[in-house]
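This report describes selected features of one model, from its chain contact down to single backbone angles. The sequence and structure come next.

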Number of protein chains: 2
Amino acid sequence: MIHADILIVHGDVFTMAGNGSGYIGDGAVAITGNRIVETGTSESLSARYMTSRLIDATDRAVLPGLIDAHVHGGIALLRGIAQDSASWLSSIQPFINAMSLDALQAGAMLTAIEGLRAGTTCFCDNSPGIAHSLPFYEKAGVRVAASPLTSDAMPATAAGTPPEFSDEMRGFALLEVHDLIGRWNGAADGRINVQLGPRAADFCSERLLCELRDLSVKHGLRIHMHLAQDTREVEQVYWRYGVRPVELLHRLGLLDERLIAAHLICCTPEEVELAARSGVSMAFCPSSLLLCDGILPPADVFMDAGGLVALGTDETGSNNGANLFSEMKAACLGLKMKRSDASYMPTWRALRMATADGARAIGLDHEIGTLEAGKKADIILVDLNRPSLVPVMRRPVRNIVPNLVLSARGDEVCLSIIDGKIVYENGRIMRFDERASMEFIRETADEICRCANREAAETRTAPYAMTQNGEY
Amino acid sequence: MIHADILIVHGDVFTMAGNGSGYIGDGAVAITGNRIVETGTSESLSARYMTSRLIDATDRAVLPGLIDAHVHGGIALLRGIAQDSASWLSSIQPFINAMSLDALQAGAMLTAIEGLRAGTTCFCDNSPGIAHSLPFYEKAGVRVAASPLTSDAMPATAAGTPPEFSDEMRGFALLEVHDLIGRWNGAADGRINVQLGPRAADFCSERLLCELRDLSVKHGLRIHMHLAQDTREVEQVYWRYGVRPVELLHRLGLLDERLIAAHLICCTPEEVELAARSGVSMAFCPSSLLLCDGILPPADVFMDAGGLVALGTDETGSNNGANLFSEMKAACLGLKMKRSDASYMPTWRALRMATADGARAIGLDHEIGTLEAGKKADIILVDLNRPSLVPVMRRPVRNIVPNLVLSARGDEVCLSIIDGKIVYENGRIMRFDERASMEFIRETADEICRCANREAAETRTAPYAMTQNGEY
């Protein structure tokens with residue numbers, strides 16, 4: 001008999017290996033250390049493995065942990081204060097201005113708590129001051145691909161004026177990047193990785209973009225970046241360089257498989273196709289962009305051109321939460337609506353976006369995304385006996401995947417394993433004090449409200465007006 | 001001191017009275033028997049009421065119970081077996097054919113369980129064999145507006161051929177309706193009401209429609225009906241009468257404030273506007289129609305023409321659940337996307353659709369939909385300390401409504417009162433044995449699978465093929 005640290009048996013196992021869901025009925029997964037050593041039928045694995053921790057997964061879906069490919073954990077505390085507004089950015093600005101480093105860390109905590117409670121195991125956090133949040137993420141036991149929001153743009157002196165770039169800011173930005181790579185890339189047994197995070201082409205000088213490109217090549221790091229995310233970016237890039245953002249990145253040698261591009265909402269179809277064909281991956285955040293701009297990002301065009309798409313929640317201040325189950329449903333609803341075709345964007349593709357395809361898109365598919373021997377053990381169990389997932393049918397139609405994507409609320413997740421360790425079980429987060437974190441989150445949010453009060457009132461943001469009018 | 005059976009204090013109370021959210025900070029609600037006797041501040045009500053059941057609602061949102069204005073509870077067991085298909089109807093047909101009366105009752109149970117666990121207190125159930133489910137609903141303590149799916153159409157003899165109508169079937173249908181009105185309208189202290197439910201203009205003869213219209217006038221009952229729900233309906237009505245469905249109902253005197261019309265997806269904008277201006281209400285089921293047909297129903301056109309819109313989940317076999325929180329979010333995402341405007345369909349309007357406006361739309365606003373003195377006590381409490389709703393901000397922007405609509409998963413509902421009685425509290429359904437019901441649901445679903453197996457395989461439905469291909 002072989003010893004496994006954890007042996008999961010009798011589950012409806014979806015390995016997500018291959019091109020579909022990789023279903024194994026009455027399936028089993030054996031884990032030793034931080035890796036999966038074997039996946040197969042319960043009969044086969046039970047006969048050959050002994051274990052100190054046997055998990056009976058009867059009526060549980062066993063899945064790769066979900067991957068949030070684009071999330072600004074830092075600003076999670078700004079939930080619900082800039083919705084329903086024709087200008088999300090100007091509505092949220094008074095609150096952004098009121099944020100401290102404590103608020104960024106509290107945001108990471110809230111993202112981890114909400115995400116863990118809904119099956120997310122890997123967070124691609126693209127936040128300012130990310131280094132400040134990484135000690136918490138390390139302790140929390142979650143997997144992180146961390147990128148700083150890098151910029152060398154000075155604050156604009158007048159509205160609509162493109163910012164000037166500062167050599168001093170570029171220096172500081174690169175110092176932060178080097179420091180992050182040195183201290184954190186591959187930390188916590190490889191559970192924490194670093195990506196480069198130029199904020200967008202209008203927030204970075206050409207020189208900064210090129211230096212980040214060279215760093216990316218040198219260290220083998222992905223670049224996680226907003227691309228064509230708003231008209232301001234398109235206009236400023238055109239004003240500065242005489243080309244649009246996708247063309248600029250193409251010229252600078254950034255448009256390749258090292259790039260994970262978020263949003264792409266201000267692209268022509270040809271630009272979307274060029275990005276996809278150049279090997280760029282797309283971080284698709286449907287709810288967030290619909291709530292901020294009323295626009296569904298062109299994931300369909302990107303996929304149809306052969307591009308890889310990962311799913312992201314973007315940020316709790318827009319989305320307005322960190323729940324990938326809700327995001328998988330939004331992806332299906334939005335794309336079916338855009339294409340006027342109920343068979344477009346089938347649920348199993350949404351599940352792949354949040355697992356196997358997401359892992360490929362962010363360059364972590366050698367480690368996570370499927371349940372296969374040799375992969376890191378990032379695994380979630382979902383209780384199929386919960387009312388939102390009942391009845392379970394296995395033949396003639398297996399309804400588990402559609403129900404996970406379209407019916408699950410997130411609270412059906414009953415166990416999460418990250419890097420071989422149980423981090424969440426039956427409502428309890430195991431590796432940090434959730435109650436203390438929530439207290440810190442509440443206190444920090446109160447402080448933000450105190451600081452933002454005057455500016456929100458003076459600028460009379462749309463949500464402020466709705467509060468005053470008694471609509472909120 | 002005045003005695004109240006239940007006194008709720010210290011809540012964030014959203015009465016939904018007036019035109020907004022009717023917010024009362026540190027609010028209170030006093031209940032005696034099955035009615036609300038007063039709503040106001042905690043200070044004011046605590047000074048004047050004594051009670052045997054004091055509920056501390058600190059950090060709880062206190063809301064009218066949610067109203068599901070269009071739901072086919074009977075077919076809830078068919079969750080997730082006909083998704084991702086270009087023809088939902090042909091994919092679900094083998095399973096519909098396999099359903100028994102037991103399955104219809106089990107479906108009502110599942111709808112009640114899932115709905116209660118997500119804040120729904122009133123179910124407008126439009127199902128075949130509805131009389132079979134009403135004893136359960138009565139026992140479960142939920143509010144129901146029940147309509148039978150009435151039809152006098154014979155099974156079509158050939159595909160595409162309009163059905164013939166049968167006098168005998170019309171007779172049976174009307175007998176069912178009369179029986180339902182006599183036995184159930186106003187039953188359980190008015191908690192159960194009857195609506196008339198002609199299935200659609202292609203499933204009912206002109207004579208049946210007119211008889212139902214006359215019954216509606218005679219008994220003061222609403223007519224709850226699909227209208228322009230698919231191209232088949234439009235084509236058959238045109239073939240039969242030379243007009244389209246909206247015009248037909250107009251001619252027959254059915255297009256008025258007694259009519260609750262579901263879907264309207266095959267309408268011209270002018271037809272939608274005519275219906276709205278005629279006083280018709282719309283049952284808006286965004287997820288369901290997007291998942292079945294890839295089409296968002298024209299609720300924006302209907303509202304812009306002054307029509308009243310209620311929210312419905314339609315059915316677990318399409319939607320694919322009975323969760324109005326998820327549906328409020330889908331309504332916002334879908335309409336913001338359709339209008340390319342993030343300020344369109346603000347969250348507070350979605351909350352009104354599921355409460356006050358929904359109640360008006362279905363003609364029950366004299367009883368439910370707001371928290372006001374004299375209304376029936378249908379009230380839910382939502383725990384704002386749950387990670388998905390944190391942080392709570394009250395000024396300068398009150399973020400509770402956006403978070404309820406866009407972030408809540410449904411499991412944050414911690415207490416539901418229907419007709420003055422607590423029916424759900426902290427995860428426990430109080431009035432029936434949930435475990436036994438779930439067992440019945442599972443057994444009945446297994447039986448459906450056994451019966452549908454052969455036909456699904458022979459017709460090779462799209463979800464059957466996806467199961468065989470390993471995509472599901």
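## Basis

Strands, here as in the rest of the report, are DSSP runs of E with at least two residues, and helices are runs of H or I with at least four; both are numbered from the N terminus. The model is predicted.

## Contact between the chains

Chain A and chain B meet in a contact that takes 77 residues from chain B and 77 residues from chain A. On the side of chain B that touches chain A, at least two residues each come from helix 3 (101–116), helix 11 (286–293), helix 13 (324–339), helix 14 (347–353), helix 16 (400–406), helix 17 (434–459) and helix 18 (462–468) of chain B. Helix 17 of chain B gives the most, with nine residues. By class, this side of chain B has 40 nonpolar, 23 polar and 14 charged residues.

## Domains of chain A

The domain assignment divides chain A into domain 1 (2–64 + 369–429) and domain 2 (66–361). Their C-alpha centres lie 29 Å apart. The contact between them takes 27 residues from domain 1 of chain A and 29 residues from domain 2 of chain A.

On the domain 1 side of this contact, strand 7 (60–64), helix 16 (400–406), strand 17 (413–418) and strand 18 (421–425) of chain A each supply at least two residues. The domain 1 side divides into 15 nonpolar, seven polar and five charged residues.

## A four-strand sheet in chain A

Chain A holds an open sheet of four strands in the order 8-9-10-11, with parallel pairing. Strand 8 (66–71) and strand 11 (192–194) of chain A each have a single partner strand, so one side of each has no neighbour in the sheet. Neighbouring strands of this sheet are turned by 15 degrees against each other on average, direction ignored.

Strand 8 of chain A runs parallel to strand 9 (residues 120–127) of chain A, and four bridges join the two. In this pair, L66(A) stands opposite T120(A). Helix 5 (residues 167–184) of chain A lies across strand 10 (143–148) and strand 11 of chain A, and runs at about 160 degrees to strand 10 of chain A.

## A four-strand sheet in chain B

In chain B, an open sheet of four strands has the order 12-13-14-15, again with parallel pairing. Strand 12 (223–227) and strand 15 of chain B are the edge strands, each pairing on one side only. From one strand to the next, the twist averages 30 degrees.

The pairings can be followed across the sheet. Five bridges connect strand 12 of chain B and strand 13 of chain B, and H226(B) has A262(B) as its bridge partner in strand 13 of chain B. Strand 13 (residues 259–263) of chain B is joined to strand 14 of chain B by three bridges, with A283(B) in strand 14 as the bridge partner of A262(B). Four bridges then pair strand 14 of chain B with strand 15 (residues 308–311) of chain B, where L308(B) is the bridge partner of S281(B).

Which residues of strand 14 (residues 281–284) of chain B point one way, and which the other? S281(B) and A283(B) point one way, M282(B) and F284(B) the other way, and all are buried.

## Backbone exceptions

Most residues other than glycine have a negative phi, and most peptide bonds are trans. Two peptide bonds and two phi values described here depart from that pattern. The peptide bond from V390(A) to P391(A) is cis, with omega near -5 degrees; P391(A) lies in the loop between strand 16 (379–383) and helix 16 of chain A. In chain B, the bond from R395(B) to P396(B) is cis, with omega near 5 degrees, and P396(B) is in the loop between strand 16 (379–383) and helix 16 of chain B.

D84(A), not a glycine, has a positive phi of about 60 degrees. D84(A) sits in the loop between strand 8 and helix 2 (88–96) of chain A. D84(A) has 28 other C-beta atoms within 10 Å, so this residue is buried. H10(B), also a residue other than glycine, has a positive phi near 65 degrees and lies in strand 2 (residues 6–14) of chain B. With 19 other C-beta atoms within 10 Å, H10(B) is partly exposed; the cut-off for buried is 20 or more.

Notes. Residues are numbered from 1 along each chain as its sequence is written. Chains are lettered from A and ligands numbered from 1 in the order in which they are written. This is a predicted model: local features need pLDDT of at least 70, side-chain atom pairs count only at pLDDT 80 or more; totals for chains, interfaces and linings use all residues. Two residues are in contact if their C-beta atoms, placed from the backbone, lie within 7 Å. Ala, Val, Leu, Ile, Met, Phe, Trp, Tyr, Cys and Pro count as nonpolar, Asp, Glu, Lys and Arg as charged, and the others, Gly among them, as polar. Domain bounds come from an automatic or database domain assignment. Two strands pair if DSSP finds at least two bridges between them. Axes are lines fitted to C-alpha atoms, for helices over the stretch in contact, and angles run from 0 to 180 degrees between N-to-C directions. A residue is buried if 20 or more other C-beta atoms lie within 10 Å of its own, exposed if 12 or fewer, and partly exposed in between; C-beta atoms are placed from the backbone.
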